[in-house]
Amino acid sequence: MSDPTDIVSCADLAIGHGRKVIMDRLSFALPAGRILAIVGPSGCGKSTLMRALGGLDAPLGGSARLLGVDLATADEPARQEILRRSGFLFQGAALFSSLTLRENIEMPMREFLRCPAKEIRQLAEYKLALVGLADAMDKLPSEISGGMAKRAGIARAMALDPRVIFLDEPSAGLDPMSSGRLDELILRLREAFGTTVVLVSHEIPSILRTADFCIYLDPETGTMGAYGPPKSFLQAGQPPKVHAFFTQARID
Amino acid sequence: MSQPPSGSPFARTEVRADGHAVVTIGGVWNLDDPLPSVVIRGDRVRVVSEGLGDFDSSLPAWLHAHGKNIREFDLSALPPRLQSLVRMAEKAAYQETGDEKPGLLEQFGTWGVESGSSWARAFEHIGHTSLGFARMLIGRAKVNWADFSLQLQTAGVDALPIVALLGFLTGLIMAYVGLIQLRQVGATVYVANLVSLAMTREMGALMTGVIACGRTSTAFASQLGSMNVSQETDALRALGIQPVEYLALPRILAVTLMVPLLAVFATFVGVFGGMVVACAGDLSIEQYLTQAVRAISFKSFLVGVIKSVAFGFIAAWAGCYRGSVAKRSALGVGEAATSAAVLGITLIVVADALFAVIFNLFNL
């Protein structure tokens, strides 16, 4: 099933907390430059799956490959190299509270790039300008709104020009306007940099706008209920639970 | 003249006769490679490419940085993808407007206003604390009594070893210094008076207050500051519970009760420390104890206790106050802990000086 050009893929993957498996038999692959949305009811393991795909947690079975490498079996230098080429936006943005937005973006650059400080500063300013925060560079995370924090989190995730970014509920807690702007930003970044995106979301309109593929996790069967383009989930002929999840959410 | 696309990144400028500057860029641009350094002069600049190979965000970032202060920065001759990467950063600069860097006078004014409001907040907190005490006395305050007993343990009993050590050493040092001076006039027996009186009236309370600032104020500031960060104090307010009553009152009460007890303990240990030094040389244990008991009056004892009650209150209040106004960040919590210790110790020394004047006035 896995193609060497796939950015993210998994085969018979089992995930869970501690030793308890909450989802297994997960197999799918995501080609470069595409956006994958992971959806499902609360507590079904969406974020856990994303962490396993991103190499933050070891799978409980099967394998997950990121940029063609199985991070659970890779040696540490290879693992570090792959993690360097991926970016994460956590649910609460997880910005370093004692650093300004600019310093937050510069931090991974200082750690991994060998450029002089002036160039790092230029890069950080550009990345912040990309997400519309050119005027808030010297603010602390405590001084900005939730939407701005999410955008700054994306800028930090994009700091090292990753080939893939993982976004955990990027629109959670945002008003519809901010959420719409964030969707636009994700699409623009994908278009400009060819970045592959894996995102966890509950926002069906946002998923329909942005995602090329969607995986529905079914907590009752403990595995994926459907995989395909999100718009197809709205059509008849889909598993009833998946169809209901998408149409109900849309009505709501 | 054309550069191979696999070469290092380069940029060069030339100024044309009509005043236009032309910047030529080329090579492979990579985040890990050093970028070319050029000075671009002029208001109208056209950027062209020559042998431009692969590039990552280092090239649009470079163009973004160099073009932002130029009136006409023409990128139309560049590949469309590069143009869009630079324009994305320009277009995205929307909404939130930035703050201009304030001038010196404005900075001074801001400092003045902030200092004033900081004092206002401190007095407001004292007011809330006093009201809280009043409400507690009439049984209307919601106080976390589980915290009270926990703080009796952590701020009181757990502090015994460090109070004993510092009290003993303080008495010992005073006895050493005193003996050196008193030996010159043949009055070494009065070292007992010196140590016991100083420990009872002054050093027992002062040392315990300083220790309380170091270990209790900072702990309170960190606890309450962290609760601020995680919005636990907001949650209390949303439930209709005053954080000052629920969190600060039990802590202040516990420390105000425990510091006098610790101070009395420190006084006894300090007198014992002085005895070790005095009896090692010039005095017998009986002489030392007789002199010490003669020197300590009930008034001196009362002075020490009154001071230690005040110092305990100050130490606990400083921690609770700085914690409650901590900024919502890891740095803010650290700053709150530091400033709680500084504020506590400063206020204790100021209060000690005031006590000295007041007790002198009343002949105590």
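Predicted model: local features only at pLDDT ≥ 70, side-chain atom pairs only at ≥ 80, totals over all residues.
Residues are numbered from 1 along each chain as its sequence is written, chains are lettered from A and ligands numbered from 1 in the order in which they are written, and side-chain values use heavy atoms, with hydrogens and water left out.

Most residues other than glycine have a negative phi. Arg25(A), by contrast, has a positive phi of about 55° although it is not a glycine; this residue lies in strand S2 (residues 20-30) of chain A. Helices (H or I, at least four residues) and strands (E, at least two) are DSSP runs, numbered from the N terminus. Glu169(A), also not a glycine, has a positive phi of about 45° and is found in the loop between S7 and H6 of chain A. Glu169(A) counts as buried, at 12% relative accessibility.

Helix H5 of chain A comprises the 12 residues 146-157. Because 11 of its 12 residues are buried, H5(A) is largely enclosed by the rest of the structure. Among these buried residues are Met148(A), Lys150(A), Arg151(A), Ile154(A) and Arg156(A). The cover over them includes strand S6 (86-89), helix H3 (101-112), helix H4 (117-130), strand S7 (164-168) and helix H6 (176-193) of chain A.

In chain B, an open sheet of 4 strands has the order S1-S2-S3-S4, with mixed pairing; two strands pair if DSSP finds at least two bridges between them. Strand S1 (10-15) and S4 of chain B each have a single partner strand, so one side of each is left without a neighbour in the sheet. From one strand to the next, the twist averages 20°. Strand S2 (residues 21-29) of chain B pairs with S3(B) in the parallel sense over 7 bridges, and Val22(B) stands opposite Arg46(B) in S3(B). Helix H1 (residues 58-67) of chain B packs on the sheet, touching S1, S2, S3 and S4 of chain B, and its direction makes about 160° with that of S2(B). Axes are lines fitted to C-alpha atoms, for helices over the stretch in contact, and angles run from 0 to 180 degrees between N-to-C directions.

The largest nonpolar core has 79 residues, a core being a set of buried Ala, Val, Leu, Ile, Met, Phe, Trp, Tyr and Cys residues joined through side-chain atoms within 4.5 Å. H4(A) gives the most to this core, with 7 residues. Residues with the most contacts inside the core include Met109(A), Ile154(A), Ile25(B) and Trp62(B). Neighbours within four places in sequence aside, Ile25(B) is in contact (heavy atoms within 4.5 Å) with residues including Phe10(B), Val47(B), Leu59(B), Trp62(B), Leu63(B) and Leu82(B). A second, separate core of 29 residues includes Leu49(A), Ala64(A), Ile82(A) and Val200(A).

Over all chains, the structure holds 21 salt bridges, each defined by a side-chain nitrogen of Lys or Arg within 4 Å of a carboxyl oxygen of Asp or Glu. In chain A, Arg102(A), Arg121(A), Glu125(A) and Asp138(A) are linked in a network of such bridges. Glu125(A) counts as buried at 11% relative accessibility, whereas Arg121(A) is partly exposed at 41%. In chain B, Arg46(B) and Asp74(B) meet in a salt bridge at 2.9 Å, N to O. Arg46(B) lies in strand S3 (residues 44-55) and Asp74(B) in strand S4 (residues 72-74), so the pair ties together parts that are 28 residues apart in sequence. Lys307(B) forms a salt bridge with Glu202(B), with the closest N and O atoms 2.8 Å apart. This pair links helix H10 (residues 298-324) to helix H6 (residues 191-229) of chain B across 105 residues.

Terms used: Expected span 1.5 Å × (residues − 1). Buried < 20%, exposed > 50% of the residue type's maximum accessible area, 1.4 Å probe, protein only.
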